[in-house]
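Please keep the sequence and the structure in view while reading.

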Amino acid sequence: MTRRAAWAAALSVALCLPAAARPPAKAPVRSPAAVKAGRAPAYYDPSRLEREPVLSARSALLMDYDSGEVLWARNPDVRRYPASTTKILTALLFAENVAPDEVVACNDAAIGKVGESSLHIKPGERFPAEDLLKGFLLRSANDGGVVMAQRVGGSVAGFSRMMNARAEELGARNSHFVN
């Protein structure tokens, strides 16, 4: 099994929970006023698809997967902080460079100072790569990203250079990652 196939199998099992294990779905909030009040990220009227959707996002793009045709866009070329897009690229590079069953160690004495969302990783802690990736993606865990970056790039700065090169390969020509 290729590394890509192994990761795909591991993540499909991890992220496709059976219905009984999922939390109950909340009824969606469906009104433009809810979007404007910050209670919903978007609204559209399925009976009036000719109307633009109401989105809380300042930039957005809807693209046909097969053709690459842009179907709708709002401020597609305005530079924005990449937020969770950074985590997607981090996960991609990690999966491309580390086998799912490899054990990855945290060698960063300052890992506890990484802010925001966290797996609460301790210096010296070791993880199967598959578990680290799942935790990173499911918790949006910045400390997990640091451990992954250090494993793949040798350092966060080294990993950032790898991210910039990979983003360029993927066609993200206006992206630049620093940390």
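## Helix packing and selected residues

Serine 140 is placed in the loop between helix 4 and helix 5. Its phi is near 55 degrees, a positive value in a residue other than glycine, and serine 140 counts as partly exposed at 26% relative accessibility. Another residue with such a backbone angle is asparagine 75, which has a positive phi of about 45 degrees although it is not a glycine. Asparagine 75 lies in the loop between strand 4 (70-74) and helix 3, and is partly exposed, with a relative accessible area of 37%.

**Overall make-up and confidence**

The protein averages a pLDDT of 82, and 83% of the residues score at least 70. Among the elements, the lowest mean pLDDT, 51, belongs to helix 1 (residues 3-15), whereas the highest, 97, belongs to strand 5 (residues 103-105). Over residues 11-23 the pLDDT stays under 50, and for this stretch the model has seven contacts beyond four places in sequence. Where pLDDT is low, the predicted coordinates should not be read in detail.

The secondary structure comes to six helices and six strands, which follow the pattern α-α-β-β-β-β-α-β-β-α-α-α when read along the sequence. Of the 179 residues of the protein, 26% count as buried. Among the contacts with a separation of 6 or more, 47% are accounted for by residues 24 or more positions apart.

**Packing between helices**

| Helix pair | Angle between axes | Axis separation |
|---|---|---|
| Helix 3 (residues 84-97) and helix 6 (residues 156-169) | about 95 degrees | 10 Å |
| Helix 4 (residues 129-139) and helix 5 (residues 142-153) | about 140 degrees | 8 Å |
| Helix 3 and helix 4 | roughly 170 degrees | within 11 Å |

Helix 3 and helix 6 pack at an angle of about 95 degrees, which makes helix 3 roughly perpendicular to helix 6. On the side of helix 3 the contact is made by Thr86, Leu89, Thr90, Leu92, Leu93, Glu96 and Asn97, and on the side of helix 6 by Phe159, Met162, Met163, Arg166 and Ala167. By class, the contact of helix 3 with helix 6 has seven nonpolar, three polar and two charged residues.

The axes of helix 3 and helix 4 cross at roughly 170 degrees, and helix 3 is therefore roughly antiparallel to helix 4. Here helix 3 contributes Lys87, Thr90, Ala91 and Phe94, while helix 4 contributes Ala129, Leu132, Leu133, Phe136 and Leu137. The residues of the contact of helix 3 with helix 4 divide into seven nonpolar, one polar and one charged.

With an angle of about 140 degrees between them, helix 4 and helix 5 are oblique to each other, and helix 4 passes helix 5 in a left-handed crossing. Their contact is made by Leu132, Leu133 and Phe136 of helix 4 together with Gly144, Gly145, Val147 and Met148 of helix 5. By class, the residues of the contact of helix 4 with helix 5 are five nonpolar, two polar and no charged.

**Two residues in their surroundings**

Methionine 163 has its place in helix 6. Its relative accessible area is 2%, so methionine 163 is buried, the limit for that class being under 20%. Leaving aside neighbours within four places in sequence, methionine 163 is in contact with Thr86, Leu89, Thr90, Leu93 and Phe177. Methionine 163 and glycine 153 are ten residues apart in sequence, and their C-alpha atoms are 9.3 Å apart in space.

Alanine 105, in turn, is in strand 5, the element with the highest mean pLDDT. Alanine 105 is partly exposed, with a relative accessible area of 24%. Beyond its neighbours within four places in sequence, alanine 105 is in contact with Glu125, Arg126 and Val147. Alanine 105 and phenylalanine 127 are 22 residues apart in sequence, while the distance between them is 6.4 Å, C-alpha to C-alpha. Val147, a contact of alanine 105, also takes part in the contact of helix 5 with helix 4.

Note on methods. Residues are numbered from 1 along each chain as its sequence is written. This is a predicted model: local features need pLDDT of at least 70, side-chain atom pairs count only at pLDDT 80 or more; totals for chains, interfaces and linings use all residues. Side-chain values use heavy atoms; hydrogens and water are left out. pLDDT is the predictor's confidence in each residue, from 0 to 100. Helices (H or I, at least four residues) and strands (E, at least two) are DSSP runs, numbered from the N terminus. Contact means heavy atoms within 4.5 Å. Axes are lines fitted to C-alpha atoms, for helices over the stretch in contact, and angles run from 0 to 180 degrees between N-to-C directions. Angles under 35 degrees count as roughly parallel, over 145 as roughly antiparallel, 65 to 115 as roughly perpendicular and the rest as oblique. Ala, Val, Leu, Ile, Met, Phe, Trp, Tyr, Cys and Pro count as nonpolar, Asp, Glu, Lys and Arg as charged, and the others, Gly among them, as polar. Buried means under 20% relative accessible area, exposed over 50%, partly exposed in between (1.4 Å probe, protein chains only). A crossing is left-handed if the near helix is turned anticlockwise from the far one by less than a right angle, and right-handed if clockwise.
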